[in-house]
Amino acid sequence: MQRQFILLLIISFLFASCQKTPTVVVTNTDRISASSWKFDHATSGGVDVTSSVPACLKDNVYVFNANGTGSVDESLSICSPSTAGAMTWNFQTNETILHISAALFPGGANDFTLVSLNTTNLVVSQVMTIPPNPPTTVEVTFKH
């Protein structure tokens, strides 16, 4: 009887130790909606073009809520016309495209190619026309 009890105890211990800890999957929606984002810098062809971005856009705060809604807050420097307000967003094409209901930059479009997204950086790119220059691919980095 005592042997059976010890054997049962050992089998129970082995079974409990073999159970795997559930894997937590963090999605791009989790990453983008974790907290607000602010412009960090922009490049085109590997050249820093941050100085070409209007000051009123550099201090904007972008919020992406997990339910596909969001907002743009202009902070202290206000653009004319204002870019502040509500927006909607979603990932498209297997999360390779970030679609936003309003263009975030003059000369830009609503769809961004998702370059990278992690806990601290959101990097997107798109072809923009920034007069007097011809259309060019601009990569924009946002930070929490």
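Q: Helices (H or I, at least four residues) and strands (E, at least two) are DSSP runs, numbered from the N terminus; on that basis, how many helices and strands does the secondary structure of this predicted model come to?
A: Read along the sequence, the elements of this predicted protein follow the pattern α-α-β-β-α-β-β-β-β-β-β-β. Counted by type, the secondary structure comes to three helices and nine strands.

Q: Which parts of the chain does the disulfide link?
A: The structure holds one disulfide, which joins cysteine 56 to cysteine 79 with an S to S distance of 2.0 Å. The two cysteines lie 23 residues apart, in distant parts of the chain. Cysteine 56 belongs to helix H3 (residues 55-58), whereas cysteine 79 sits in the loop between strand S4 (69-73) and strand S5 (85-92).

Q: Is the link of cysteine 56 and cysteine 79 right-handed or left-handed?
A: Both partners, cysteine 56 and cysteine 79, are buried. The angle about the S-S bond is 95 degrees, and the link of these two cysteines is right-handed.

Q: Which residues have the most contacts inside the largest nonpolar core?
A: The largest nonpolar core has 27 residues. Several elements each supply at least two residues of this core, among them strand S1 (37-44), H3, strand S3 (61-64) and strand S9 (136-143). Those with the most contacts inside the core are Ile32, Phe64, Leu98, Phe105, Leu122, Val140 and Phe142.

Q: With which residues is isoleucine 32 in contact, leaving aside its neighbours within four places in sequence?
A: Isoleucine 32 is one of the residues with the most contacts inside the largest nonpolar core, and Phe64, Leu98 and Leu122 are also among them. Leaving aside neighbours within four places in sequence, isoleucine 32 is in contact with Trp37, Phe64, Trp89, Phe91, Leu98, Leu117 and Leu122.

Q: Is alanine 84 buried, partly exposed or exposed?
A: Alanine 84 is found in the loop between S4 and S5, where, not counting residues up to four places away in sequence, it touches Val72 and Glu74. The C-alpha atom of alanine 84 is separated by 8.3 Å from that of asparagine 60, 24 residues apart along the chain. Because buried means under 20% relative accessible area and exposed over 50%, the value of 42% for alanine 84 makes this residue partly exposed.

Q: Which lining residues are the closest to the centre of the largest pocket?
A: About 150 Å³ of space lies in the largest pocket. The lining residues of this pocket divide into 11 nonpolar, two polar and no charged. Of the 13 residues in the lining, the closest to the centre are Ser52, Val53, Pro54, Pro106 and Ile130.

Q: What percentage of contacts with a separation of 6 or more comes from residues 24 or more positions apart?
A: Of the 144 residues of the protein, 29% count as buried. Among contacts with a separation of 6 or more, the share from residues 24 or more positions apart is 35%.

Definitions and conventions:
Residues numbered from 1 in each chain as written. Predicted model: local features only at pLDDT ≥ 70, side-chain atom pairs only at ≥ 80, totals over all residues. Heavy atoms only, no water. Disulfide = S-S within 2.5 Å. Buried < 20%, exposed > 50% of the residue type's maximum accessible area, 1.4 Å probe, protein only. Core = buried A, V, L, I, M, F, W, Y, C linked by side-chain atoms within 4.5 Å. Contact = heavy atoms within 4.5 Å. 1 Å grid on protein atoms, 1.4 Å probe; cavity = no way out; pocket = protein on both sides within 12 Å on 5 of 7 lines; lining within 4 Å. Points joined across faces, edges and corners; volume = space filled by probe spheres on them. Nonpolar A, V, L, I, M, F, W, Y, C, P; charged D, E, K, R; others polar.
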